[in-house]
Every structure is written in C-alpha cells, then in structure tokens.
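Reader: Please show me the model, and then we can go through it by question and answer.

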Number of protein chains: 2
Amino acid sequence: MTIHDVAAAAGVSISTASKALNNTGRMGAETRERVKRIAGEIGFRPNALARGLLSKRSFTIGLLTNDTYGRFTLPVMAGISEALVDHGVSVFLCAIEDDPALGQIHVDAMLDKQVDGIIASGKRLDRRLPVDLSSLPVPVVYAFTEGSENSVTLRSDDAQGARLAVEWLAKLGRRRIAHITGPEDFFSVRERASAYREVAGDAEPVLYGIWAESWGHEAVGSIWDRPGEKPDAIFCGNDQIARGVVDALRERGVRVPEDVSVVGFDNWEILAAQTRPPLTSIDMGLKELGREAGLTVLALAEGRPVEPGVRKLPCRLVVRQSCGGMSPTE
Amino acid sequence: MTIHDVAAAAGVSISTASKALNNTGRMGAETRERVKRIAGEIGFRPNALARGLLSKRSFTIGLLTNDTYGRFTLPVMAGISEALVDHGVSVFLCAIEDDPALGQIHVDAMLDKQVDGIIASGKRLDRRLPVDLSSLPVPVVYAFTEGSENSVTLRSDDAQGARLAVEWLAKLGRRRIAHITGPEDFFSVRERASAYREVAGDAEPVLYGIWAESWGHEAVGSIWDRPGEKPDAIFCGNDQIARGVVDALRERGVRVPEDVSVVGFDNWEILAAQTRPPLTSIDMGLKELGREAGLTVLALAEGRPVEPGVRKLPCRLVVRQSCGGMSPTE
DNA sequence: TTGAGAAGAGAAAACCTTTTCTCATGCAGT
DNA sequence: ACTGCATGAGAAAAGGTTTTCTCTTCTCAA
C-alpha cells in the first residue's frame, strides 16, 4: 500500500495525494476529503523510511545505557518513551554494559539509522559511558550520567533530596539523626552526606560502606554496640541499606518507627513496599527525568535552542510507614 | 558524506563505488581497494534509510512489552540485543503497560518504520498482550507471553525447573518438602506445583498465596503453628516468597540450611544474593530465551522456515547457600 | 473581448543506495 | 585483420515520499 495506490484509487496524481494527506498545497476541499477517505479505507500508512530519507528526520532516537540491571534506566526509559510516543518518535534501546567496543558498534548503528538524537544514560551520575559522544552529528542529552563539555545534562538534585529526608525527620521531632550510606567515592554519596550535615549537624557520624543490605545490618550493629545514646532516626543512602537497617533494628528489639525512624533513598518500589514496615523514601523522579530528557533531545533535534549545562531535577519524599508521621504537610 | 562523495573522491561513478564497497560486481582489484580506502578516510557510512527503502529490510525489530517494571523483560531484552547486534539489527523498545490504545500506537509506529519483525514479551506467560498481533505484515515471535494461533512462542520450562528444584532437595536428603507459591490462577504456578507433586508426592500441602515476602512469612507461620512434624525443605514459587520464608524461619530460630533447605524461583540476582543466607534458586534462562527469540525473528525476517508452536527452554539450578550442598554433581 | 490573477492539479526532482543493463576497450583465437 | 569474449566501468531505474515548479482552466474586472 503506497501513496501510488492511494492516488490511483482516488484518481489523482501522486503529488495531489501527498498534499491532500499532509494538509498542504492548494486543492478543492472535496478532493482533499476524498483522498483522505480512500487512504483510510485502503489502510495506507506512509513509509517512514522514504519520508525520513527526504526530511532528514527519522523520528527515532537512541538510548544508550550501561545499566544492565535497569534499576535506574528503566524508569528513565519509561519516561522517555512516554514523552516521545506522542510525537511519533521511537526509541532504540542499546545496552552496552561497560564495553567500549560494543558501545561504538551501537553508536555507529544508530548513526547509520539516522537517529535524530541520542540520550546517554547510566547507573551512576559521576561516571561517563565508555564511549565518546562529544562530537557526533546528532544532538546528545545526558541523563543520570556524567556528560561531556558543553552538553546538556539532566540529573536528580541529590542534595535537595537529602535535605528533604532530614528535614522530614526533624519535623517529626527526631534529634539524633544518623546517616548510613554507600561508598564515599560516589559523588552522590558525598553530596547527600554534606546536605545531611548541613541540616542535621554533626552530632552523629556518617557511616560509609557499600550498597547492600548487609552493610545496613552491620552499621546498625556498630552503632548500637557502641556506648552512649542511640540515634532516634536513620537516613539511609539507599533502600537496600535501609532494608538492612530496619531488619537489624527489628532483630535488636528496636521498634520502627516508634523508637527509630528510617528513611531510604531511591524509592525502589519493589523493595521499599515489601520492607516491614514499608519504607519512607526519597524518589529521584527518574521517570520525569526521562521525560525531560526526551523532550530536550527532541527540541535539539528540531533545532530549537536549549541552553547547555547541568539541570538538576527535584526529588520528592514518598511517605510510607518507616518514619511515623503522615504525608508531608507542606 | 554520501556515496556520491566517495565516488567523486575516488574518481569513479556511483555505481562503481557501491559495488566496490559491497564486494559485488566486477572491477579491478586496485580500483576496489582505492574506493574502500577513500571511503574509510572520509568516514563514509551508508544511509540505512536509503538502503532499507530499496532492500525492504530495515535491520530493525520491535520489542513490545507490558512488563513495566522490567524484572522479566530486561534479561529478555538483553538477550535479544546481544543476539542481534552482530547482525546489525537494532531494537525498538515499546513499553505499553496494559493499554491497548498505546499498544496500537506503538505497533503502528513500528510498522511505519518498516521493522523486520516484532517480539512480544510480557510478565506472565498465560496472558496475552492487549493488542492483536496475529495478522501483521511482519513476523512475530512471542517470548514469555501467550502467543496467538500458529505463531512461534518461546517460554521457560517451568515444570522442568520445578523438578530440578525438588530433585535437588531430595538429593540432599530432604524428605518432607513443602511448596509455598503464588496465586493458583497463574499457569506457571499450577505447572510448577504439579511437577512438584510428581517428585515430592503429597506428604505436604501446596500453599497458594500471593507473590510477596509477606506471604512467605505468613505461610511459614501457618505451617509451624500447626501440630505435627515440620518440613525439612521448602520449595518456593519465587524468590520474594523465599525471602519471606527464610526471614520467618530465622525469626523462629529455625536454621537455614541446617534445619530446613529453601529453594527459590526466578534467580532474581539482586534479591537472591542479598538474602541471608543467599538463595539457591531456579533460573529461567530469560537471557537465553531473549537470544533465541532474537535469532528466531531474524530467521523469519529472512524467510528461513521456523516451525510454529511452543518451544520450552530449560531452566537451571543456581546453587547458593540456602540448601546446603555443593554445586550439582550431575 | 481581453487581460490579469487565482485556483486546482500534475510533472519532475530530490533524498541515498543498490542493481541491472549497456557500453567500450582490449585481448586471444582463427 | 576480423570475430568473439571477457573485463572494467558507467548510465539509469527503482524504492516511497515530499516539494517546487509548471501548466491549464476559470473567474472577474477593465
């Protein structure tokens, strides 16, 4: 079913058919309607390849990611797709692990296929993907990964998220707030920790470790085994750690949230909701981040100006039961 | 950079340039080499749109999925991508939730873009996607979701997986093996349960519930609170349930694996490895399933014959510490 | 009645590549 | 010296769409 068939069926020329369908050109209203009707009847759908060849727009973008497990990329992906599907743009998913060669293959394949733009995404916002995207013939947007010079980069505002968490704990009347978090070499860990410090002061130490339940467990052990007053709240670097913390507290007979409030980070639904009690957590808004990334790369593809630099998107607090308290009163 | 530029730079015609690059046609060896060299130098890459327009092959396939969370789709996706990247095929990812309208939009977009085939994937193999793919002009392969009449469907062999688990427990000397699993209306639940019955007999009941840690927890409670002998092994319907089971047993002072062996299902790395002790689990081989799906849709796209029907791919046992015992001796 | 202008519709080029067909050259064989 | 053939290379069409340009016809005003 090509436009030839439409033209033939409608008894007009190809150009007239094209103009009718695209609402361009001049022609009689009834001619236009007739062509459209016939096109609908025979189920004509324009060949995007041919169209793209001419218009230099493929209505396709590529998503490059090294987050194989997908915990971060998946919401980003969902947001991108959601934002772009209305604009007729489809998304190539390229999972490249940390393999530069594989990354290059995928980038080349995308360029061959004339993508209108590329979104680079990762699992860590202080690391670059193992492939250089700085001088590609198409626009590139970095989402949740370190970008190159003069590029557009979207990331979550971890400091604001951490403040949100600690201020929430403070508002609930908690005074001794500890922070158990991931490896200090993560930029986001340092950023969250210093925001925590700003709000909570330095009554309690920051405990750096790994992103694992076992670390949360262990850290609680080391705090509770030491002499002196115990914290009445714990702000955790992610939900896995929070889960370990909650479990460890329960095993020690410390009640959550009555005795100690716990806040997680990531709002990883499947984990946060299954913890007993369900975790109050900070959501980085990755889906919104994805949506923004999609709209941004689209804008760039269409030649609309976008000012380069890092744009931080706000986190939000998701209240469940691990802190006590109700939803944020604002 | 088009082939025109190559031809001009090499001082030959477009056709000669094309033939040189594709190793077709007849020409002097040195002409061929010169064209290739120059193409490489100026960084020529053929436009896949133009190529696809002519060849009727876009080297693109679509992956349609309603598994938003991605626990199942992600490994499948990784497998597909891995299998196809060598063949120069890129993958459109279409997340359609359970929205028929959205599904139709994505299908239309893919057809417009002339995909060579579509892989349909889901989160449940006894449910169909909310969109009809049975009479599309391109081949369709179903992976981990219910397919239509006369189609090619790939799924895991859950019965075999369940047998693997129960036989492993038996081999370790366990005699009273219970089965705590998900909702009975899942086909895979019934399939696993009847395979369990075949091997384990009916000394212990099958406990149907929901896919949640809390259910595993609760089920252990109901078993241990009843009078009479307790199981010495529990085969769980998924890793979340297994996690709840292990936690509940620990809370009751029952040692895992010394007193009771526990086997999970899904081998959901992030969960299985973080459980204490780490879970022995059944891996459905979703990545291999994805790889097979990719190769199959490619075969169909190239016109190679593939016999329709359901193909079950084997599961495998991943031994960690929740059962005791070493790796399968086989 | 003639001229200008607009309206409606079609022809053709363009996008980039592949492929088939044709043409020209040179060489070997008679 | 002429025929036949192989070799090398180019011209042109094809794929489906959009867009610019051209052409015809009609209406209205002078």
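Author: A polar contact is a pair of N or O atoms within 3.5 Å. The model is predicted.

Reader: Which part of DNA strand C lies 3.2 Å from a polar side-chain atom of A:Arg26?

Author: The backbone of A:Ser13, through an N or O atom, lies 2.8 Å from a phosphate oxygen of DNA strand C. For A:Arg26, the polar side-chain atom lies 3.2 Å from a base oxygen.

Reader: Which helix gives the most residues to the surface near DNA strand C?

Author: Helices H2 and H4 of chain A and helices H1, H2 and H4 of chain B each supply at least two residues of that surface. Its residues divide into 10 nonpolar, 11 polar and 6 charged. With 5 residues, the helix that gives the most is H2(B).

Reader: Why is strand S2 of chain A largely enclosed by the rest of the structure?

Author: Strand S2(A) pairs with S1(A) in the parallel sense over 6 bridges. Between S1(A) and S2(A) the chain passes through helix H5 of chain A, in a right-handed β-α-β crossover. S2(A), residues 90-95, is largely enclosed because its buried residues number 5 of the 6.

Terms used:
Residues are numbered from 1 along each chain as its sequence is written. Chains are lettered from A and ligands numbered from 1 in the order in which they are written. This is a predicted model: local features need pLDDT of at least 70, side-chain atom pairs count only at pLDDT 80 or more; totals for chains, interfaces and linings use all residues. Side-chain values use heavy atoms; hydrogens and water are left out. Buried means under 20% relative accessible area, exposed over 50%, partly exposed in between (1.4 Å probe, protein chains only). Helices (H or I, at least four residues) and strands (E, at least two) are DSSP runs, numbered from the N terminus. Two strands pair if DSSP finds at least two bridges between them. A crossover is right-handed if, with the strands pointing away from the viewer, the path from the first strand over the helix to the second runs clockwise. A polar contact is a pair of N or O atoms within 3.5 Å; within protein, one must be able to donate a hydrogen and the other to accept it, and residues adjacent in sequence count only if both atoms are side-chain atoms. Ala, Val, Leu, Ile, Met, Phe, Trp, Tyr, Cys and Pro count as nonpolar, Asp, Glu, Lys and Arg as charged, and the others, Gly among them, as polar.
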